[in-house]
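This report concerns one protein chain and the surroundings of a few of its residues. The sequence and structure should be kept at hand while reading.

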Amino acid sequence: VQLQASGGGLVQPGGSLRLSCAASGSIFSINNMGWYRQAPGKQRELVALITSGGSTNYADSVKGRFTISRDNVNNTVYLQMNSLKPEDTAVYYCNAYIVGRYQRLRENYWGQGTLVTVSS
C-alpha cells in the first residue's frame with residue numbers, strides 16, 4: 001500500500017491550489033484520511049481530516065479557506081486551498097488509516113510530501 005501526493009507548487013498570496021493523494025495497493029478499506037503540513041523549523045501539524053463517512057475537521061488557521069474531500073471509489077483525498085497566505089507555505093503530507101486486503105490489519109500510511117510555496 002502506498003500514498004501518492006501531487007498538486008503542490010508556487011502560488012501568489014490570495015491564490016488557490018488543489019492537492020490530491022491517491023492510495024493504491026492491496027486495500028480492503030480506508031478509514032480516516034487527512035492532510036498535515038510541516039513548515040521549516042516547525043513541527044508537523046494537522047491541517048484537515050475526513051472520516052470514511054465524510055465528517056471533516058480543520059485546523060483553526062485554515063477554516064473557511066481550505067476544503068478536504070474524498071473519492072471513496074478511487075481511494076483519493078483532496079485538499080482545495082483558497083485564499084492562500086505566506087504562512088501556509090509548508091510541505092504537505094497526506095495520511096490515511098488503511099485496512100489491508102489480506103491481513104486485515106489497520107495501519108497508518110504517509111504520502112511522500114508535496115511542497116506548497118505561497119509568495120509574491
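The paragraphs below treat a strand and its partners, a disulfide, and a loop residue in turn.

The structure is a predicted model. Within it, strand β8 covers residues 76–81 and includes T76. Five of the six residues of β8 are buried, so this strand is largely enclosed by the rest of the structure.

Strand β8 pairs with β3 in the antiparallel sense, over six bridges. One of the positions in this pairing is L19, whose bridge partner in β8 is L79. Strand β7 also pairs with β8, again in the antiparallel sense and over six bridges. Here R70 stands opposite V77 of β8. The strands β7 and β8 form a hairpin with four residues between them. In the turn of this hairpin, N75 has a positive phi of about 55°.

**Residue T76**

Which residues does T76 touch, apart from those up to four places away in sequence? The contacts of T76 are with C21, A22, M33, S69, R70 and D71. A polar atom of the T76 side chain also lies 3.0 Å from the backbone oxygen of N74. T76 has a relative accessible area of 8%, and because the limit for a buried residue is under 20%, T76 counts as buried.

T76 and C94 are 18 residues apart along the chain, and their C-alpha atoms are separated by 10 Å.

**The disulfide**

How many disulfides does a search of the whole structure find? The search finds one. This disulfide is formed by C21 and C94, with their sulfur atoms 2.1 Å apart. The pair links distant parts of the chain, 73 residues apart: C21 belongs to strand β3 (residues 17–24), and C94 belongs to strand β9 (residues 90–100). The link of C21 and C94 is right-handed, with 50° about the S-S bond.

**Residue K63**

K63 is placed in the loop between β6 (56–58) and β7 (66–71). Is K63 buried or partly exposed? With a relative accessibility of 48%, K63 counts as partly exposed. The side chain of K63 is joined to that of D60 by a polar contact of 3.1 Å. Between K63 and Q38, which are 25 residues apart in sequence, the C-alpha to C-alpha distance is 18 Å.

**Accessibility of the residues discussed**

The table lists the relative accessible area of the residues treated above.

| Residue | Relative accessible area | Class |
|---|---|---|
| T76 | 8% | buried |
| K63 | 48% | partly exposed |

Conventions:
Residues numbered from 1 in each chain as written. Predicted model: local features only at pLDDT ≥ 70, side-chain atom pairs only at ≥ 80, totals over all residues. Heavy atoms only, no water. Helix = DSSP H or I, 4+ residues; strand = E, 2+ residues; numbered from the N terminus. Buried < 20%, exposed > 50% of the residue type's maximum accessible area, 1.4 Å probe, protein only. Contact = heavy atoms within 4.5 Å. Polar contact = N/O pair within 3.5 Å; in protein donor to acceptor, adjacent residues only side chain to side chain. Disulfide = S-S within 2.5 Å. Pairing = 2+ DSSP bridges.
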